Number of protein chains: 2
Amino acid sequence: MKLQVAIDRVPLADAVALAKQLDGKVAIIEMGTSLVKDDGLAGFRAMRAAIHTSQLLIDLKTIDEGGYEFKQGFAAGADILTVMGAASLATLQTTAAATETAKKEMMIDLMEVDAAKQQAVSIFPDAIYALHHSTDRQDHLDPTATVADFHNAFPQLKRLAIAGGIDLAGATALAAQGLTEIAIVGSAITKAADPVSTAQQFMEAISA
Amino acid sequence: MKLQVAIDRVPLADAVALAKQLDGKVAIIEMGTSLVKDDGLAGFRAMRAAIHTSQLLIDLKTIDEGGYEFKQGFAAGADILTVMGAASLATLQTTAAATETAKKEMMIDLMEVDAAKQQAVSIFPDAIYALHHSTDRQDHLDPTATVADFHNAFPQLKRLAIAGGIDLAGATALAAQGLTEIAIVGSAITKAADPVSTAQQFMEAISA
């Protein structure tokens with residue numbers, strides 16, 4: 001299982017500094033949506049320049065104008081871009097095509113997507129499907145149960161990710177379960193007193 | 001009925017130049033999502049500096065982290081910010097509270113929101129509800145029929161907007177219908193040979 005660390009709601013300089021420290025220590029470094037909307041393409045380029053070994057995911061959360069946003073994101077050097085499952089099927093088809101053209105990767109964010117829409121968007125076998133709990137919701141998800149439910153509903157989808165309040169225990173349980181390709185961790189790492197050693201704890205826990 | 005002109009998918013300098021030309025000639029000037037993600041807060045500030053008379057709407061399309069995004073958007077000088085109806089109810093409640101605190105306005109973008117979710121998010125009487133057809137969809141909506149259907153379903157919601165392929169005939173029909181507060185027009189104005197005189201044609205048509 002890969003570890004993705006999401007960097008969000010900090011000044012760009014701090015995000016770049018943390019990305020440099022995490023580079024090569026975790027599989028994927030995420031430039032969060034707050035940085036996208038605060039810093040735009042200049043931010044994309046600064047994050048790209050900071051990262052040499054890990055993959056860079058830019059959390060665009062595209063919900064329309066898929067061709068334009070994915071072209072901009074891949075041109076700026078993203079390895080993985082996100083599109084909302086709540087977008088129109090036409091938008092998802094557009095971002096899937098742009099991803100294939102760029103020979104890069106697409107993550108579909110399933111936040112607030114109900115069962116019927118999940119079914120409609122389950123037609124992209126190469127995409128990463130991210131089970132995602134809104135940050136603004138105060139309730140919590142059970143990571144392994146959420147992954148198991150989705151896997152049982154869509155066994156043909158092989159690339160699963162999960163985000164939303166994942167802590168060390170949750171990441172450890174996900175790794176043991178063996179169904180998740182990417183565990184996405186935000187504040188449990190980035191707000192820790194020592195984010196790098198905390199990330200290393202997560203890496204040890206999920207590879208144990 | 002007010003006219004909102006959406007500026008999207010152009011370099012920031014071109015957007016600023018067009019905003020200066022349209023300032024005071026149309027009710028609302030929209031900084032589109034592509035400019036948000038390309039230019040970030042620096043773009044917000046450039047658009048704010050360009051506009052003195054019209055209202056500035058920043059099309060944030062917030063779908064999570066509502067408190068953070070709305071705080072940033074209003075601090076940068078937006079008069080109106082957008083949140084997706086597809087967001088969690090918790091996100092919408094957060095953006096509504098941030099809007100009230102800032103004494104500004106919130107537009108809820110109903111793109112790809114089904115009837116059940118429309119019902120769930122119909123609890124914000126001060127918000128502007130934007131009926132919106134994804135740019136990536138190739139089919140077209142009938143503006144007056146779309147507004148009439150929504151008005152019949154939610155007669156208590158008094159502030160309606162509509163976006164998606166609105167041309168001069170569509171805007172004229174919407175004004176005559178009398179149910180729409182804001183008609184949002186993009187490329188029919190911004191891609192015209194003379195955007196300012198085209199905007200003036202729209203203004204004359206909707207005030208006739």
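Contact, as the word is used here, means heavy atoms within 4.5 Å. Axes are lines fitted to C-alpha atoms, for helices over the stretch in contact, and angles run from 0 to 180 degrees between N-to-C directions. Helices (H or I, at least four residues) and strands (E, at least two) are DSSP runs, numbered from the N terminus. The model is predicted, with local features needing pLDDT of at least 70 and side-chain atom pairs counting only at pLDDT 80 or more, while totals for chains, interfaces and linings use all residues. Residues are numbered from 1 along each chain as its sequence is written, chains are lettered from A in the order in which they are written, and side-chain values use heavy atoms, without hydrogens and water.

Chain A may be considered first. Its strands form a closed barrel of eight, in the order E1-E2-E3-E4-E5-E6-E7-E8, with parallel pairing; two strands pair if DSSP finds at least two bridges between them. From one strand to the next, the twist averages 25 degrees. Leu81(A) has Met106(A) in E5(A) as its bridge partner.

Helices lie across these strands. Helix H3 (residues 66–75) of chain A lies across strands E3 (55–62), E4 and E5 of chain A, and runs at about 160 degrees to E3(A). Helix H9 (residues 195–207) of chain A lies across strand E1 (2–7) and strand E8 (182–185) of chain A, at about 155 degrees to E1(A).

The relation between the two chains comes next. Chain B can be laid on chain A with an RMSD of 0.0 Å by a turn of 180 degrees and a shift of 0.0 Å along the axis, the copies being superposed by least squares on the C-alpha atoms of residues with pLDDT of at least 70 in both. That is the relation of a two-fold axis. In chain B, the C-alpha of Gly40(B) is the nearest to the axis, at 2.2 Å.

Lys37(B), Glu65(B) and Asp136(B) supply 25% of the area that chain B buries against chain A, more than any other three residues.

Notes. Buried area = accessible area lost by both parts, 1.4 Å probe.
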